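Hi everyone, thanks for coming.

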Amino acid sequence: MSVSAAILGCSGLELTAEEVAFFRDVRPWGFILFARNIDTPAQVKRLTAALRETVGRADAPILIDQEGGRIQRLGPPHWRAYPTGRAYGALPHPQRREMTRLGARLIAHDLAALGINVDCVPVLDVPDPHGHEIIGDRAYGDTPEDVALLGRAACEGLIAGGVLPIVKHIPGHGRARADSHLELPVVEASFAELDARDFAPFRALSDMPMAMTAHVIYAAVDASQSATTSEAVFEAVIRGAIGFDGLVMCDDLSMKALSGPLEDRAAQALAAGCDVVLHCNGDMAEMRAVIDGTSELSGRAAERARAALSRIPGAPEPLDHAEAVARFEDAFR
């Protein structure tokens with residue numbers, strides 16, 4: 001049965017009849033949840049089960065942004081508030097890698113209990129002093145080495161708990177001087193500068209299962225198209241200099257960094273090299289337009305999708321949850 005090369009959102013706490021019919025018809029590869037979809041643990045479990053029922057695949061990816069700090073869709077009173085990436089990087093050297101892994105392992109414990117099997121973590125962007133604050137304290141540190149070290153620890157913790165990581169925002173959002181949610185950033189740094197700093201953490205984690213693109217122009221590679229819609233960036237950087245061969249999805253197609261009809265945005269992202277496209281806001285008219293520009297998941301993209309899902313372990317690494325929480329809280333006391 002065919003699968004659309006798309007990840008889509010939904011509008012609320014439960015699926016509408018129109019959403020059920022639409023998802024059954026177009027069969028997206030996966031789904032993404034936001035705060036508008038979250039109430040109680042029982043409600044989220046019902047929603048994830050309902051989403052998977054529409055496509056008839058028990059392993060269908062269900063994504064969420066659960067980084068910690070200002071970017072987490074699950075929070076009190078039902079779920080723990082987790083620290084920012086920067087807070088992990090600020091821990092003493094003997095602790096920071098262990099606690100980054102443990103924090104991700106605890107997040108995976110939370111997500112897996114709800115039927116969520118993909119987290120849009122880690123942020124591998126290396127911040128720049130002149131860059132926009134959209135990255136800011138989401139970054140683990142100020143050097144490629146620190147970002148790569150703690151980014152890998154986060155990936156390890158998630159995978160150990162049965163949740164797949166997504167490295168983002170490939171090939172690097174740290175130098176961008178604008179928020180790509182609102183406008184299209186242009187980075188003027190040379191290829192050599194980008195390769196040494198921005199691309200380095202992604203190259204160090206090129207063995208991870210999935211990545212999400214940056215809606216950013218890298219003028220040294222392609223002066224007119226963002227990474228999401230640039231075949232040159234995919235060939236020279238993402239699959240080339242970085243050597244990433246996992247599944248690549250675009251960042252949200254509805255962000256204002258991109259322009260033109262949504263069906264064109266989807267088609268351009270897939271033509272450039274994205275394996276699947278992502279649309280987040282759950283607006284039905286917009287989702288229909290995205291699907292109009294989206295092809296069937298097939299060929300090398302389908303192989304990458306299967307390979308990514310195969311990275312979920314059959315059983316999560318054992319966890320003494322109470323003891324783990326106590327160690328984690330003690331580290332940030």
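Which residues of β1 are buried on one side, and which on the other? Before I answer, please keep in mind that this is a predicted model. On one side we have Ser4, Ala6 and Leu8, and on the other Ala5 and Ile7, and all are buried, which leaves both faces of β1 covered. In other words, for this strand, residues 4-8, five of its five residues are buried.

Let's look at what pairs with β1. Strand β2, residues 28-33, pairs with β1 in the parallel sense over three bridges. Within β2, Gly30 is the bridge partner of Ile7. To get from β1 to β2, the chain passes through helix α1, residues 17-26, and this β-α-β crossover is right-handed. Strand β13, residues 277-279, also pairs with β1 in the parallel sense, over three bridges. There, Ile7 has Leu278 as its bridge partner.

Now please move over to strand β10, residues 210-213. Met210 and Met212 point one way from β10, Ala211 and Thr213 point the other way, and all are buried. β10 runs parallel to strand β8, residues 167-170, and three bridges join the two. Opposite Ala211 in β10 you'll find Val167. β10 also pairs with strand β12, residues 247-249, again in the parallel sense and over three bridges. In that pairing, Met210 stands opposite Leu247.

On to the rings. The count comes to seven aromatic pairs. One of them is Phe23 with Phe31, which is edge-to-face, at 5.0 Å centre to centre and 70 degrees between the planes. Phe23 is buried, at 0% relative accessibility, and Phe31 is buried too, at 1%. For Phe328 and Phe332, the ring centres are 5.0 Å apart and the planes are at 55 degrees, so this pair is tilted. Here Phe328 is buried at 3%, whereas Phe332 is partly exposed at 28%.

Phe328 brings us to helix α12, residues 321-331, where Ala324, Val325, Phe328 and Ala331 are buried. Why do we put these residues on the same side of α12? Because they cover an arc of only 125 degrees around the axis. Among the elements that cover them are α3, residues 85-89, and α4, residues 93-112.

Last topic: charges. Side chains of opposite charge can pair when their charged atoms come close. This structure holds 25 salt bridges. One of them joins Glu67 and Arg138, with the closest N and O atoms 2.7 Å apart. Glu67 sits in strand β4 and Arg138 in the loop between β6 and α5, so the pair links parts of the chain 71 residues apart. Glu67 is buried at 11%, and Arg138 is buried at 9%.

Asp137 forms a salt bridge with Arg70, at 3.0 Å between the closest N and O atoms. Asp137 is partly exposed at 32%, and Arg70 is partly exposed at 41%. Then there is Glu156 with Arg101, at 3.9 Å, linking helix α5 to helix α4. Finally, salt bridges that share partners join Arg239, Asp245, Asp275, Arg300, Glu303 and Arg304 into one network.

Notes:
Residues are numbered from 1 along each chain as its sequence is written. This is a predicted model: local features need pLDDT of at least 70, side-chain atom pairs count only at pLDDT 80 or more; totals for chains, interfaces and linings use all residues. Side-chain values use heavy atoms; hydrogens and water are left out. Rings of Phe, Tyr and Trp (its six-membered ring) pair if their centres lie within 6.5 Å; planes under 30 degrees apart count as stacked, over 60 as edge-to-face and the rest as tilted. Buried means under 20% relative accessible area, exposed over 50%, partly exposed in between (1.4 Å probe, protein chains only). Helices (H or I, at least four residues) and strands (E, at least two) are DSSP runs, numbered from the N terminus. The arc is that of the directions from the helix axis to the C-beta atoms. Contact means heavy atoms within 4.5 Å. Two strands pair if DSSP finds at least two bridges between them. A crossover is right-handed if, with the strands pointing away from the viewer, the path from the first strand over the helix to the second runs clockwise. A salt bridge is a side-chain nitrogen of Lys or Arg within 4 Å of a carboxyl oxygen of Asp or Glu.
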